[in-house]
Amino acid sequence: MSKPVQVFEYETLVVGEQGFGVNHFEALVRYNDRHGCQFFTVGNQRLHFLNYVGVIQVGGLSIEILPKADKGATTDALKLKWRNALLQMLRRSGLLHVEAAPEADLHLQQSPLVDLYLDAFLSEVERLSHEGLVKKYRTIQANLYKLKGRILFGQHLRRNLLHRERMYTAHEIYDRDNVFNRVLKCAMGIVGRLAIQPSLVTRGAVQSLALESVSESRITSELSDKLVFDRNTERYRRAIQLARLIILNYSPDLRGGREHVVSILLDMNKLFERFILVQLKQAQAKFADQNLRITGQSQKRFWGSKSLRPDVVVDFDGPENRERVILDTKWKIPRDGQPSDNDLKQMYAYNLQFGSRLSVLLYPCSDSGQVQVSQPFACSDALPDYPHACATHYVNLFDDSLQLRRDIGEELVREVILANQKGREQDHAVRAAAKLALLNRAS
């Protein structure tokens with residue numbers, strides 16, 4: 001098994017580096033063209049990666065694209081740090097379910113990322129096989145020598161005018177040949193062509209035998225999107241999600257000598273957003289006395305059919321009534337420590353549209369010298385009595401052992417949400433004292 005090529009987001013990979021050859025370059029150029037050039041930009045014998053992280057496997061070569069929020073030169077230790085961070089983000093966000101035991105982690109450090117997805121998919125199929133693959137009713141039309149079901153007279157007269165011993169019928173059977181198992185079988189066929197580790201190939205062959213009675217069919221995004229899960233098929237949801245990733249991101253090159261390509265890539269901005277939301281929801285139960293309510297992707301109409309959709313909306317009990325804080329994640333390092341004009345305008349609109357007094361821009365922490373700021377927005381002529389502000393907060397992702405911290409959600413609740421609540425209480429106390437002084441003067 002060849003060593004995976006490892007690059008960071010927004011880095012460049014040149015032909016000749018780390019075993020990356022011309023055949024790999026040409027296959028990826030064709031693959032990128034078919035997907036609207038969204039994953040990387042193409043230069044002279046080089047690829048410049050964008051904000052997508054994950055893994056691309058082209059032929060027998062795996063290219064791992066890692067996130068990075070550190071400054072400084074690239075080292076093997078830095079690659080290992082961010083590779084582990086990516087795996088832990090995927091796990092805690094519910095996007096990749098693999099064992100988290102120490103011995104599993106040691107194994108994962110040596111495996112290409114694409115094998116981790118294949119391993120997770122195989123584990124789900126093995127679980128389903130052990131529980132029993134789902135069966136459903138389906139209708140079969142056939143020309144039989146005996147009556148089974150009902151006769152389709154139009155087809156019967158057309159086909160059996162000279163064969164009176166036959167009957168063209170439609171009947172129902174109850175078996176495993178249904179769309180859920182067909183999706184699994186389609187993905188299983190890709191696993192056999194892509195898996196690098198022999199153990200995965202063997203496990204895939206065993207599970208293919210369990211799906212042998214299932215017919216093959218072409219699986220499209222429209223078909224997989226229309227799947228409806230009920231109480232009997234809810235246990236398939238995780239396996240179908242992984243199978244969909246494998247199927248829809250697989251791009252075979254049918255001409256001889258060309259390299260097959262599969263990519264499992266995620267927008268790092270969306271991954272960071274989902275990770276923060278999950279951490280906050282996990283911490284929500286520990287602050288039940290604050291009556292927190294955390295929701296993601298709340299939506300309000302903004303203009304015509306366009307809408308505003310902040311990443312996280314947090315509601316809690318204030319000193320007089322319910323308060324609201326808007327959190328918006330940004331996977332980038334702001335220049336000179338200052339938010340961009342577009343980000344500030346976005347936060348301004350969120351505050352007005354969602355009735356929030358504070359919006360917070362969450363950035364990854366890249367060094368200890370980053371300063372968090374909070375500034376009020378200038379009062380507008382139309383809303384002179386609606387003071388509101390925007391703050392920045394840098395999320396320190398790692399603990400002292402360079403592992404992803406498990407208290408990120410709690411820290412955000414304490415330092416961003418509840419700290420704001422205390423500030424609001426002080427503000428209300430000052431306003432109440434001022435009103436009381438005015439009343440005393442008037443009397």
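Is Asp70 buried or exposed? Asp70 is buried, at 18% relative accessible area (buried is under 20%, exposed over 50%, partly exposed in between, with a 1.4 Å probe and protein chains only).

## About the model

This is a predicted model, where local features need pLDDT of at least 70 and side-chain atom pairs count only at pLDDT 80 or more, while totals for chains, interfaces and linings use all residues. Residues are numbered from 1 along each chain as its sequence is written, and side-chain values use heavy atoms, with hydrogens and water left out.

## Asp70 and its partner

Asp70 pairs up with Lys81 in a salt bridge, with 2.9 Å between the closest N and O atoms (a side-chain nitrogen of Lys or Arg within 4 Å of a carboxyl oxygen of Asp or Glu). Lys81 sits in helix 2 (residues 76-92) and Asp70 in the loop between strand 6 (61-66) and helix 2, so the pair ties together parts 11 residues apart in sequence. Helices (H or I, at least four residues) and strands (E, at least two) are DSSP runs, numbered from the N terminus. Lys81 counts as buried too, at 15% relative accessibility.

The structure holds 22 salt bridges. One of them joins Glu131 and Arg127 (3.3 Å, N to O), which are four residues apart in helix 4 (residues 113-131), about one helical turn. Glu131 is partly exposed at 45%, and so is Arg127 at 28%.
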